[in-house]
Amino acid sequence: MLLMTSIIAAILTIIFVKLSFAVIGLRRKNKVGLGSGGYDDLERAIRAQGNFAEYVPIGLILIACLELNGAPWWLVILPGIALIIGRLIHAKGINEPPPNFSSRVLGMKFTFGTLITLAALNLGWALWVWVLAMSF
C-alpha cells in the first residue's frame, strides 16, 4: 500500500488546485482566454502552476517507488515534506510582485535537493534490498 505517498499526493494536489484557481481567477478578471495577455500577475500565476506541474510528478513517482520497495515510513515522509515545503516557498516567491527571487531560489533548492535525495535514496535502497536478497 502507498499510504504515505497518498497523503503527500493529496496535500500536493490541494496546492496544485489552489494554484490553478489563482490562474482561472486572474484569467477571468483580466478577460484573457490563453496566455497571460501581458498581465504580469497572470504570467506569474501561470508559471507558478506550470512549474509545480513540471516538478511534482517525478517527486511523487520517486516517493512511491521508495514506499513500494519497502523503505521505512520516515524515509518516505521526510522527502515528501521537503517537496511540499519547496513547492510552497517557490509558489509564494514567484507570485510576489515583483517576483521574490530569494524565495524562488530557496524553493528550487528545496525541490532540487529533494529530487536529488530521492534519486539517491531510491538507488541506495534498491541496491540494499538487492544485496540482502542475494545473500539469502
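**Before you click**

This is a predicted model, in which local features need pLDDT of at least 70 and side-chain atom pairs count only at pLDDT 80 or more, while totals for chains, interfaces and linings use all residues. Residues are numbered from 1 along each chain as its sequence is written, and side-chain values use heavy atoms, with hydrogens and water left out.

**Stop 1: the whole protein**

Show the cartoon. Along the sequence the pattern reads α-α-α-α. Here helices (H or I, at least four residues) and strands (E, at least two) are DSSP runs, numbered from the N terminus. The C-alpha atoms fill a box of roughly 65 × 30 × 20 Å, taken along the principal axes.

Now colour by accessibility. Of the 136 residues, 38% count as buried. Buried means under 20% relative accessible area, exposed means over 50%, and partly exposed lies in between (1.4 Å probe, protein chains only).

Contact means heavy atoms within 4.5 Å. Take the contacts with a separation of 6 or more: residues 24 or more positions apart account for 67% of them.

**Stop 2: isoleucine 8**

Select isoleucine 8, in helix H1. Is isoleucine 8 buried or exposed? It is buried, with a relative accessible area of 2%. Which residues does isoleucine 8 touch, leaving out those up to four places away in sequence? They are Leu60, Ile63, Val76, Ile77, Gly80 and Ile84. Isoleucine 8 and alanine 64 are 56 residues apart in sequence, and their C-alpha atoms are 9.8 Å apart in space.

**Stop 3: threonine 114**

Move to helix H4 (residues 101–134) and pick threonine 114. Threonine 114 is buried, at 4% relative accessible area. Its side chain has a polar atom 2.6 Å from the backbone oxygen of phenylalanine 110. Not counting residues up to four places away in sequence, threonine 114 touches Pro79, Ala82 and Leu83.

**Stop 4: the largest pocket**

Select Ile15, Lys18, Leu19, Ala22, Arg87, Leu88, Ala91, Lys92 and Asn95, which line the largest pocket. On a 1 Å grid over the protein atoms alone, a pocket is an open set of points where a 1.4 Å probe fits, with protein on both sides within 12 Å along at least five of seven lines; lining residues have an atom within 4 Å of a point.

How much space lies in the largest pocket? About 150 Å³. Grid points are joined across faces, edges and corners, and the volume is the space filled by probe spheres set on the points.

Helix H1 (3–30) and helix H3 (73–95) each supply at least two lining residues. H3 gives the most, with five.

**Stop 5: the salt bridges**

Side chains of opposite charge can pair when their charged atoms come close. A salt bridge is a side-chain nitrogen of Lys or Arg within 4 Å of a carboxyl oxygen of Asp or Glu. The structure holds two.

Select arginine 47 and glutamate 54. Their closest N and O atoms are 3.2 Å apart in a salt bridge. Arginine 47 is partly exposed at 31%, and glutamate 54 is partly exposed at 47%.

Finish with lysine 92 and glutamate 96. Their side chains meet in a salt bridge at 2.7 Å, N to O. Lysine 92 is exposed, at 53%, while glutamate 96 is partly exposed, at 22%.

Definitions and conventions: Polar contact = N/O pair within 3.5 Å; in protein donor to acceptor, adjacent residues only side chain to side chain.
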